[in-house]
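This briefing walks through one protein chain, topic by topic, for a reader who is new to looking at structures. Please keep the sequence and the picture side by side while reading.

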Amino acid sequence: MTVHPWRPTRRRLADTLLSALAPVAVCSVALGGLTAWTSSGNAGTPARIAVTDAHVFMPYGNTRDTAAFFRITNSGGADDRLLKVTVSGADGETALSRHRMTSGRAAYAETVDSAEVRAGDSLAMSPTGLDVTLRAKPGWREFDFVPFTLYFQHSGPVKALAIVVRPGRFGV
């Protein structure tokens with residue numbers, strides 16, 4: 001039995017070079033795409049939550065039930081979710097709720113578990129949309145400040161001071 005030594009030929013060298021070049025080209029294209037994505041500022045940026053325009057309605061009549069509203073802005077590159085809101089200046093629990101209408105034009109509040117805050121977007125709470133329902137402590141006066149903590153899935157807790165206003169004041 002004779003052993004034939006391997007001899008490089010043009011054909012063998014060209015085939016070897018082409019088979020090595022294909023994965024290198026694919027990796028180069030993928031790396032170029034990831035570099036462009038990272039350079040544009042969209043890769044790996046977490047949610048950046050800011051809470052502004054915080055206000056809570058002063059209760060009126062014989063009830064102490066009221067609602068609080070916030071503007072939540074996410075300037076980051078990832079979505080986040082508002083999970084709950086707590087308040088130290090009120091009695092009892094708070095709840096996230098959404099204003100709903102029935103076919104007979106009656107309104108009711110529907111409790112929701114959470115609210116999404118998309119990346120690069122904001123969520124504006126309002127009396128006709130999402131709000132935080134709570135029971136006010138006796139003695140709240142207009143322009144008092146009430147401390148709230150908003151808890152987010154990825155960003156964690158964010159503190160905000162809400163000003164007590166009369167419904168209809170400041171456009172709300």
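This is a predicted model: local features need pLDDT of at least 70, side-chain atom pairs count only at pLDDT 80 or more; totals for chains, interfaces and linings use all residues.

Strands are DSSP runs of the E state that hold at least two residues, and they are numbered from the N terminus. By that rule, Glu 116 has its place in strand β6, which covers residues 115-117.

**The nonpolar core**

- The largest nonpolar core has 35 residues, and those with the most contacts inside it are Phe 70, Ile 72, Phe 148 and Leu 150.
- At least two residues of this core come from each of several strands, among them β1 (49-57), β2 (65-74), β3 (80-87) and β4 (90-101), and strands β6, β8 (130-136), β9 (145-152) and β10 (156-165) are also listed as suppliers of at least two each.
- As a general background, nonpolar side chains tend to be buried together in soluble globular proteins.
- Phe 148 touches, once residues up to four places away in sequence are set aside, a list of residues including Val 56, Ala 68, Phe 70, Val 85, Leu 134, Val 158 and Ala 162.

- Leu 18, Leu 21 and Val 24 make a nonpolar surface patch of about 290 Å².
- Val 24, one of the residues of this patch, has its place in helix α1, which runs over residues 10-39.

- The side chain of Ser 97 is joined to the side chain of Asp 131 by a polar contact of 2.5 Å.
- Leaving aside neighbours within four places in sequence, Ser 97 is in contact with Ala 109, Glu 110, Thr 111, Val 112, Gly 129, Leu 130, Asp 131 and Thr 133.

**Salt bridges**

- How many salt bridges does a search of the whole structure find? The search finds four, and the points below describe some of them.
- In general, side chains of opposite charge can pair when their charged atoms come close.
- Asp 65 and Arg 135 meet through their side chains in a salt bridge of 2.8 Å, taken from N to O. Asp 65 lies in strand β2 and Arg 135 in strand β8, so this pair ties together parts that are 70 residues apart in sequence.
- Both partners count as partly exposed, with a relative accessible area of 42% for Asp 65 and a relative accessibility of 39% for Arg 135.
- Arg 118 and Asp 79 also meet in a salt bridge, at 3.6 Å from N to O. This pair links distant parts of the chain, 39 residues apart, with Arg 118 in the loop between β6 and β7 (121-124) and Asp 79 in the loop between β2 and β3.
- Arg 118, at 47% relative accessibility, counts as partly exposed, and Asp 79, at 32%, counts as partly exposed too.

**Glu 116 and its network**

- Glu 116 forms a salt bridge with Arg 118, in which the closest N and O atoms are 3.5 Å apart. Salt bridges that share partners join Asp 79, Glu 116 and Arg 118 into one network.
- Glu 116 is itself partly exposed, with a relative accessible area of 34%.
- Not counting residues up to four places away in sequence, Glu 116 touches Asp 79, Asp 80, Arg 81 and Leu 123.
- The C-alpha atoms of Glu 116 and Leu 83 are separated by 8.9 Å, although these residues are 33 residues apart along the chain.

Notes
Residues are numbered from 1 along each chain as its sequence is written. Side-chain values use heavy atoms; hydrogens and water are left out. Patches are made of residues with over 30% relative accessible area and no salt bridge: like charges are joined within 9 Å, nonpolar side chains (Val, Leu, Ile, Met, Phe, Trp, Tyr) within 5 Å. Accessible areas come from the Shrake-Rupley method with a 1.4 Å probe; for residues, only the protein chains shown count as cover. Helices (H or I, at least four residues) and strands (E, at least two) are DSSP runs, numbered from the N terminus. Contact means heavy atoms within 4.5 Å. A nonpolar core is a set of buried Ala, Val, Leu, Ile, Met, Phe, Trp, Tyr and Cys residues joined through side-chain atoms within 4.5 Å. Buried means under 20% relative accessible area, exposed over 50%, partly exposed in between (1.4 Å probe, protein chains only). A polar contact is a pair of N or O atoms within 3.5 Å; within protein, one must be able to donate a hydrogen and the other to accept it, and residues adjacent in sequence count only if both atoms are side-chain atoms.
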